[in-house]
Amino acid sequence: MRKATVTTVSTVAGVILLLSLKPHQNPAPDMTAAPPPSGTPEAPASPAPTGQKPSSAPTGQKRSNAPTGQKPSNVGASGTYTGSVINTSYGPVQVSVTLSNGRITAVKALRTPFDRPRSQQIAADAVPRLTQEALSAQSAHIDAVSGATYTSEGYTRSLQSALDKAGV
Amino acid sequence: MGTVFSFDLRDPATPPVRRALKEAVAWLHHVDEVFSTYRPDSAISRLGRGEPVPERCAAEVAEVFALCEEVAHTTGGWFTHAPGGRLDPSGLVKGWAVERASRLLYEAGAHNTCVNGGGDIQLRGEAAPGTPWRIGIAHPARPGALAAVVTGRDLAVATSGTAERGAHVVDPHTGRPATALASLTLTGHSLTRTDAYATAAFAMGAAAREWVEALDGHEGLGITAAGEIWRTPRFPGATWAER
């Protein structure tokens, strides 16, 4: 059977769950128009994955860079946080994430295996689109990508480390 | 290695929708606790050791195994919940978990959503009023390229392939890795079945095309190890993005 699925299911808890609430027809990276989160941030219901995750999960490479944003408050973190460099089989991946009151407003790919200028600026609603930008730099608008999660893993792990720093 | 579950909601974030989102996340964590073969204390690991399943998750485990049996039957044994003789329904659980998460959101009023579990996707409604969802199919041999774009409403999209982790789908009849296909994408209505069928059909290799064509409610796009691309006649919106 499919090994990918096995590993996938095994680390649900260990991996980021990025939740994006996005208004109609507003593909721009700017999420500030969206209603603010009520109290708790939307993102990770169970962040801080260190400790509870299975051994195969990426715990080791975290927290290598100091956050450039301010510490989280009870309304959620704000600022820009740089994730760890994650080595994938296609090359290193590193992202930074910008948060406003615990909501992701921008994710920027600092390093990608397929470095093209247009894959650098990445939209707000995170992973599906992150993958999309890397995979389809030249194609029309894509909402998500099926198959090949190798890049999203790198993205996610880097992103998770950035979010860990943000404390969300 | 883990995977990403992401939720993309195109409806207004009403309080019930926010609650459902939290519920959906909690649900995925719950599924991990019950079905992870990597957790010695999960229900599935207990079951594999011949121990009783905790009562509170017995119904879910029974549901998953019933679905596994159904899919095993439909696929003529090409899907199995005990690959290599070891109890492991993971080939079905992810799609099932994503589909239910999608339903939780739907029931709370989020009718236009994309729930993505590591590239296996349950879509509801549409991306924007009058605009269908557009899902890129990653090219298995060319990192950075898409092989196709699927467009549609209320659609499940699942891809099984070798690109990401090498040959990891095993032919249940021979025990050897399936290598005839590099990638197989299936579309359908329910991600539970679409995902499991994609895994099964991938293992079929060269026979997959004919099988998918005969499969009600599902369409497929295959990329062979040699690089040939085929698709079934009604594969939705195969806008080629080759380059």
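In this predicted model, strand β6 (residues 156–161) of chain B is largely enclosed by the rest of the structure, because six of its six residues are buried. The burial extends to both faces of β6(B). On one side lie Ala156(B), Ala158(B) and Ser160(B), and on the other lie Val157(B), Thr159(B) and Gly161(B); all of these residues are buried.

Strand β6(B) has pairing partners in β3(B) and β7(B). Strand β3 (residues 120–124) of chain B pairs with β6(B) in the antiparallel sense, over two bridges. In this pairing, Ile121(B) stands opposite Val157(B) of β6(B). Strand β7 (residues 181–188) of chain B also pairs with β6(B) in the antiparallel sense, here over six bridges. Thr159(B) stands opposite Thr185(B) of β7(B). Val157(B) and Thr159(B), which take part in these two arrangements, belong to one side of β6(B) together with Gly161(B).

A further sheet draws its strands from chains A and B. This open sheet has three strands, in the order β7(A)-β4(B)-β5(B), and its pairing is mixed. The edge strands are β7 (144–146) of chain A and β5 (146–152) of chain B, each of which pairs on one side only. From one strand to the next, the twist averages 30 degrees. Within this sheet, strand β4 (residues 133–138) of chain B and β5(B) pair in the antiparallel sense over six bridges. Ile137(B) stands opposite Ala148(B) in β5(B).

Helix packing was examined next. Two packed helices are described by the angle between their axes and the distance between the axes. In chain B, helix α1 (residues 15–35) packs with helix α4 (residues 90–107) at an angle of about 165 degrees, and their axes are 8 Å apart. Because angles over 145 degrees count as roughly antiparallel, α1(B) is roughly antiparallel to α4(B). The crossing of α1(B) past α4(B) is right-handed.

The contact between these helices involves residues from both partners. Helix α1(B) contributes Val17(B), Ala20(B), Leu21(B), Glu23(B), Ala24(B), Trp27(B), Leu28(B), Val31(B) and Phe35(B). These meet Ser90(B), Val93(B), Ala97(B), Arg100(B), Ala101(B), Leu104(B) and Leu105(B) of α4(B). By class, the contact of α1(B) with α4(B) has 13 nonpolar residues, one polar residue and two charged residues.

Technical notes: Residues numbered from 1 in each chain as written. Chains lettered and ligands numbered in written order. Predicted model: local features only at pLDDT ≥ 70, side-chain atom pairs only at ≥ 80, totals over all residues. Axes fitted to C-alpha atoms, helices over the stretch in contact; angles between N-to-C directions. Helix = DSSP H or I, 4+ residues; strand = E, 2+ residues; numbered from the N terminus. Parallel < 35°, antiparallel > 145°, perpendicular 65-115°, else oblique. Left-handed = near helix turned anticlockwise from the far one by under 90°. Contact = placed C-beta atoms within 7 Å. Nonpolar A, V, L, I, M, F, W, Y, C, P; charged D, E, K, R; others polar. Buried ≥ 20, exposed ≤ 12 C-beta atoms within 10 Å, placed from the backbone. Pairing = 2+ DSSP bridges.
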